[in-house]
Amino acid sequence: MQPLFIYNTVTRKKEEFKPLNPPFVGFYVCGPTLYSDVHIGNCRTFTSFDIMYRYLLHLGYKVRYVRNITDVGHLEDEVAGEGEDRIGKQARLKQLEPMEIVQRYSFGFREVMALLNTLPPSVEPTASGHIPEQIEMIEKIIENGYAYVEDGNVYFNVEKFAEHNNYGVLSGRSIEDQLNNTRELDGQEEKKGRLDFALWKKAKPEHIMRWNSPWSVGFPGWHIECSAMSQKYLGNTFDIHGGGMDLIPTHHTNEIAQSVGCCGQVPVNYWVHTNMLTLNGQKMSRSLGNVFLPVELFTGKKLSPHSPSATPSQALLEGKHPLFDKAFSPMAVRFFMMQTHYRSTLDFSNEALTASEKGFERLMDAYKTLQSIQPTDKSSEDISALLQKCYDAMNDDFNTPVLIANLFDCVRIINSCNDKKLTLTKKDIETLNTIYNDFVFQIMGLKLEEEQSKTNAVLHSVVNLLLDMRNQAKADKNFGLSDEIRNKLIEAGIQIKDSKEGSTWKLN
Ligand code: AMP
Ligand code: ZN
């Protein structure tokens with residue numbers, strides 16, 4: 001097997017990937033905080049890690065892929081660790097149990113991930129399901145002298161930790177620099193140092209999510225969950241830890257401090273970070289409010305009816321965001337995400353998506369053409385290097401844009417052969433099929449979904465035709481026929497709404 005190189009945030013270099021215990025690979029990715037729907041930016045991150053997971057599987061590794069769900073402890077001001085719990089706040093506003101909020105958005109998250117054809121992780125642990133593990137870890141950190149208790153709260157002592165360890169190993173920032181650029185401790189006088197962060201917080205009376213602990217009835221800080229859960233499922237040191245780049249300075253920096261503070265061992269060998277999806281150059285984020293939800297964009301597939309987010313209007317996805325001319329299939333969006341390397345920003349726009357959709361269609365059309373190509377005895381094109389070039393691209397830090405460029409070489413060859421401009425042997429055709437099966441379908445996780453969208457397009461035109469006929473019948477005062485059309489459509493599971501502007505419909 002040729003070496004795979006992965007860019008490691010710690011060394012700021014591409015390093016050869018050498019798992020601790022081959023063929024096993026431990027892979028942890030910070031999952032979403034489920035207080036609202038995930039947006040397309042979150043999806044970019046999880047899709048990027050899906051491709052890495054798929055490639056590792058393709059190479060024959062036995063991967064344990066752990067992606068958590070944050071359902072407690074992520075406060076509104078995540079840097080200072082202050083403010084209301086994000087899920088607790090939604091529960092209060094919607095007058096629901098916090099776990100009802102989490103359940104609702106977990107359904108939505110899993111459906112969106114399935115629409116984007118991402119593979120489910122091997123373990124999907126929740127923070128609230130691992131309170132004893134977090135308490136145990138905090139106890140060890142206190143025992144080791146890296147944390148202190150103040151009035152029922154437990155804080156990690158960053159400056160003490162930094163005496164013996166590099167607290168800025170991920171961000172590349174010295175402790176002095178971080179101290180100089182952090183707010184004063186106004187209102188947080190319990191902390192000894194301004195970089196200290198909470199491992200456990202005492203619950204205020206109005207705080208809903210609370211557990212017993214040796215220090216107070218309270219709840220864990222946000223960072224400790226990932227240290228505790230990665231340790232539980234992958235061990236004190238494991239191979240790869242991923243997340244968005246925005247997690248480097250605080251969440252991941254503190255994860256390392258906690259794990260080292262607990263076990264004296266570096267927790268992760270390769271730290272991998274994805275860059276942000278942007279809108280007009282600005283990071284897409286729930287707090288900025290510039291988010292796109294997948295349902296506002298996707299067309300095609302039906303959400304499963306048991307999902308709380310599958311309101312009738314979304315039963316057949318018909319993305320209708322004002323910034324977009326039309327809706328896009330989840331596969332076109334997935335392809336769009338792969339056209340940029342995961343460490344570069346990706347700007348989201350109507351033009352870029354439209355161009356990607358065309359590229360995706362060309363790639364898939366060529367596959368269909370390939371199935372009808374007749375081999376000849378002699379090849380007029382040497383394609384022997386193409387398969388290797390695809391591996392070279394993925395081995396170079398999962399370089400999907402270069403992979404796609406190679407795939408378009410395949411497309412050109414297939415189309416030229418179809419136009420009788422070149423000839424291919426049986427072996428060449430096998431190679432091209434291998435490239436498609438391995439790289440397009442298995443590793444990039446793209447799939448032909450034309451049948452689905454074709455069915456939807458046909459359904460749309462047929463229902464619209466019937467509604468036009470019904471309008472005509474009404475205009476002709478043939479109410480028997482107009483009522484019959486309406487009733488038959490309702491019987492078939494279609495809801496019709498009449499208004500001054502005309503009739504609209506949706507699936508039940
Ligand atoms: P959150 O639920 O906000 O904790 O985010 C879940 C994951 O999505 C984290 O790994 C974030 O880094 C990532 N993420 C958030 N916003 C974006 C974005 N605009 N582009 C790419 N990834 C993002
Ligand atoms: Zn995390």
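The lining of the largest cavity, by class, has 7 nonpolar, 5 polar and 6 charged residues. Here Ala, Val, Leu, Ile, Met, Phe, Trp, Tyr, Cys and Pro count as nonpolar, Asp, Glu, Lys and Arg as charged, and the others, Gly among them, as polar. This is a predicted model, in which local features need pLDDT of at least 70 and side-chain atom pairs pLDDT 80 or more, while totals for chains, interfaces and linings use all residues. Residues are numbered from 1 along each chain as its sequence is written, chains are lettered from A and ligands numbered from 1 in the order written, and side-chain values use heavy atoms, without hydrogens and water.

A cavity is a set of points on a 1 Å grid over the protein atoms alone where a 1.4 Å probe fits but cannot get out, and a lining residue has an atom within 4 Å of a point. Points are joined across faces, edges and corners, and volume is the space filled by probe spheres set on them. There are 3 cavities of 30 Å³ or more.

The largest has a volume of about 160 Å³. Of its 18 lining residues, E78, G81, A198, W222 and H223 are closest to the centre. β5 (75-77), β9 (197-202) and α7 (222-234) each give two or more residues to that lining, and β9 gives the most, with 3. Helices (H or I, at least four residues) and strands (E, at least two) are DSSP runs numbered from the N terminus.

Next, the second largest cavity, at about 100 Å³. Its lining has 6 nonpolar, 4 polar and 1 charged residues, including R44, M337 and F398. α1 (40-58) gives the most, with 5 residues.

Methods. On a 1 Å grid over the protein atoms alone, a cavity is a set of points where a 1.4 Å probe fits but cannot get out, and a pocket is an open set with protein on both sides within 12 Å along at least five of seven lines; lining residues have an atom within 4 Å of a point.
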